Amino acid sequence: MIRERMLIPMVMVCAVAVIAPGLAAPLEAQDKKFKVGFVYVGPKDDYGYNYEHDRGRKAVEAQLKDVEVMTAENIPETAEVERVMEQMIQRGAKLLFPTSYGYLDPALNVGKRHPDVVLLHAGGFKHSSNVGTYWYYIYNPMYLSGLAAGKVTKKNVMGFVAAHPIPQTLQNINALTYGARSVNPQIKTHVIYTGEWCNPGKAAEAANSLIELGADIISQHQDCPRPVVETAAKRGVYSVGYHSADLKQFNEKGWITGAAWNWGKLYVQMTKDVMDGKASQWVGKHTRGGIESGFLDLAPFGSSVPADVQKMVMAKRKEIVDGKYAVFQGPIKDNKGKELLKAGEKPTFDFIEKMSWYAEGVVGEVPK
Amino acid sequence: MLGLLYAVVGGGIRAGTPILYATLGEVIAERAGIVNLGVEGAILAGACAGFITTAHTQNPWLGIAAAALAGGAASLVHAFMVVTLRANQIASGLALMFLCLGVTSFVGRPYVAVKINAVPQLAIPGLSDIPVVGGLFFQHDALVYGAYLLAPLIWIVLTFTKWGLALRAVGERPDVAFAAGLSPAAIQYAAVVAGGILAGLAGAHLSLAYARSWVEGMSNGRGFIAVALVIFATWHPLRSVVGALVFGAVFALQLQIQARGVALSPYFLDMTPYLLTLAGLLLWGRTRRYAMPEALKSVFEGVT
Amino acid sequence: MVALARVIDSRVLVQLRLLGMAGLAFVVVGAFLVLFGKNPLLAYAEIFRGALGTSYGASEVIVRAIPLMLCAVATALPARMGLVNVGPEGQLHAGALAVTWGALTFGALPRPVFLPALVALGLLGGAIGAFVPALLRVKVGVNETISTLLLNYVIVLLVEHMVRGPWKDPMSFNWPYTPEFPDAARLSTYWGTRIHAGLWFALAAILLFYFTLRFTRWGYELRVIGDNPEAAGRAGIPIGRYTLLAMSIGGALAGLAGMAEICAIQGRLRPGISTGFGYTGFLVSWLALHHPLGIVVMAILLGVLSVGGDSIQISLGLPYATVNIITSLIFFIVLGSRFRRRATA
């Protein structure tokens, strides 16, 4: 009993000793470095979406010497993220990259409270005077991957593991299917939504389910792609990668190709512009582009893709880069046969950005 | 239709494996009168320790051993809290879950990007060549077979051996067991740790065989499912197999239905295991044959 | 006077000691951090600097403590009569479901009518979420620990279904959330922070809990059941009715937490409105020995830790999980301590 009595005041004294200097010290660091914050929805090392954004962050850190970078990972897409952004601003951040799709509304809220801070959101559909969005149409390399997949498949069935049926995902599913069907009209695509950006067990079982349905090509759009690629390798089927070219190592034998980000150049450019007072180039608008930007491209081919197919795909890639071919152009019908674009008609911004239909060859309907 | 059945059974066996390990572990602990809501944490401990060990040694078998040890060690904390210190079992279990979530996230973080040598697929020679059945039942990884072999083994040990009798005696009437010369504390420790070892194996299957990667919180509630399934299985190892298979099959069915383009909310299907357990409680709640171990009642009645 | 002194002695002192024991957790985690080559003093300084060193951090601590307090009372009230309600998480979501139904159905009502109605719906939703397991216990003998745990999953999945299905915002392009609630359905926030009117709900719940238990016949009988259910039954106290009431009121408070989260913080229903508030609230109640003052103290402590967890990630690159370790160790130390058993024996 005596020992216990002694212990408690001692611990409390220790606690005060720890807390007091913390409270006394000013929160903002004294140095004059320009501070940038990156917020991720999952772990930085997921070989997927967050991994690629973090590679971009590393480029900023390496190339801009008078910039200090803060990061936060595993931040849910709820009101939590507002607090994380606020804390970064408290520590002097003047530019924030809330990278996840669901961070849009929190970013707009934070932007309203801090007009002097610039927030650049990946892929959103709303902006404000100090919030801008950027996205590069990764469905282009998905279309090209489809060309290769359509030539390689033996069963003419593709499986797609997705997180949420948002427009970006539907663009990818449809483009992949278009590509594959343009060289192999027999192809069907089956889709499973996990409902979460990263749930490794569910993603692995989704891939298994698709393989059992007869798919010998597995692609995906969710944040931790590794379990899906590993499952494809385990079951001896092909992988079309997404987010990162580094996924190839997990299915060397069955790797076809895939879509891969390269955010570094863009993030360096954006940071420089905001530092130089040229934030207006990025805020208050939606910035969009394609392969020609250099911020995304086709991943390297795997050994399973014959040389002539590789050549054909690269030729198509050049057409897209040169603006001679567009993945989404009339005539476009959905998988129920309804005409969405007439022959020769060009899609509007909204047609792409608010996509909510499946292309011919995709099985089922978009969840309602 | 046959294809669907095939896929659902196959998926059920796979998805049911980690849940079966965890459920069997919880059956052992609860038969000794201890509820461990910390299974979720023990699974994480196993998944993380197994992955780290495999990352360093590139030997998945060592990884499995490490996972079992880590799960057992995590549950040892719970045993100490509830057996020695007599803390509330529900609260201690939840605290264990938070502890393991924290420690594994911290310790496992540098390993998220590491590539490992996964538990290999093991086709049983001869049997795996049987059409349909071979592919369904005999082309899995070693941990899958392990789970389904362990269930009858645990049933035999619990039902027919001296140890099993002692364990059940402690779970039913600790005072009588004590009077008969048994040490209820030692037996409860052993049961909780054994349960933790099995939960650790569940984790090993997740990170080393199933998803072949480590991400924080990757157990995604499987531990809590196990706690529910123990009740569904009425504290019986063999009925646990049924429970795990039903749960795994519902999970697989949900994915199959989606993939086939049938518009049906997957969330209602996800609810079924919990609703089935509730229904089981309603129907069996008062039947003597299916009653819970007596010592558990004191936990569940809130008298601690 | 003597009685009062005894109350202060037994309760307040125990709480102070518990807080002191919580300090032990910091020492243990400090050793853990040193083991991994991190400086624990720097980490702790950063946790408290981030959470209490700025007015923003402090305001977020309170924002975080609001649902924890409500969910803790949801556990504590039934616990005082010996019931284990593991279900605040589900009851919080049940409240949110009822509120969302109201907000989407009666969007055109004026604020003075609308908000009270939504508060009532939140209370009602949570109460139903807890009434069902209470009824199952009273009528069929189904244990409430198990049934509330199971219902947590069922209700959260129901939320998932609604926000991805019938209630999905048509302007969200398949992103899972409901349309934003009209302004008339939003709770006030204060001082340019996210501190919201839910604070008054939480404080009122704590005060009511305290006075009811201490000064009313109802509270007295409740405690008698908790102390000795058999004697209470013989004395003619209707245990069944008390079970239904205590659980329902507890659930209603958790439902109110759900109402406050969606009407003040989120502005709509979506998956993940609670980051485990129900489970953490359950533990807060146990940490506080189901005592009102302790609940306030512990809810704030956990608020500090979670806000500080963001700080150490941003400033020091330490994972948020570090604070989970501290939190759980505090739980273990208090759960295993002698005080707990003495105070609840």
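This is a predicted model: local features need pLDDT of at least 70, side-chain atom pairs count only at pLDDT 80 or more; totals for chains, interfaces and linings use all residues.
Residues are numbered from 1 along each chain as its sequence is written, with chains lettered from A and ligands numbered from 1 in the order in which they are written.

Let's start inside chain A. Where they meet, 20 residues of domain 1 of chain A are in contact with 23 residues of domain 2 of chain A; contact here says that the C-beta atoms of two residues, placed from the backbone, lie within 7 Å. On the domain 1 side, helix H2 (49-63) and helix H9 (264-275) of chain A each supply at least two residues. Helices are DSSP runs (H or I, at least four residues), numbered from the N terminus. H2(A) gives the largest share of that side, 4 residues. By class, the side of domain 1 has 10 nonpolar, 6 polar and 4 charged residues. For these classes, Ala, Val, Leu, Ile, Met, Phe, Trp, Tyr, Cys and Pro are nonpolar, Asp, Glu, Lys and Arg charged, and the others, Gly among them, polar.

Now have a look at helix H3 (residues 80-90) of chain A, which is mostly covered, with 9 of its 11 residues buried. Buried is the label for a residue with 20 or more other C-beta atoms within 10 Å of its own, all placed from the backbone. Among the buried residues of H3(A) are Glu82(A), Arg83(A) and Glu86(A), along with Val84(A) and Met85(A). After H3(A) comes Gly92(A), with a positive phi near 100°.

On to chain C. Its contact with chain A takes 37 residues from chain C and 36 residues from chain A. Several helices of chain C give two or more residues to this side, including H1 (2-35), H3 (55-80) and H10 (239-266), and H2(C) brings the largest share, 8 residues. This side of chain C has 17 nonpolar, 13 polar and 7 charged residues.

Toward chain B, 35 residues from chain C meet 38 residues from chain B. Here H13(C) gives the most to chain C's side, with 11 residues. The residues of that side divide into 21 nonpolar, 12 polar and 2 charged.

Technical notes
A residue is buried if 20 or more other C-beta atoms lie within 10 Å of its own, exposed if 12 or fewer, and partly exposed in between; C-beta atoms are placed from the backbone.
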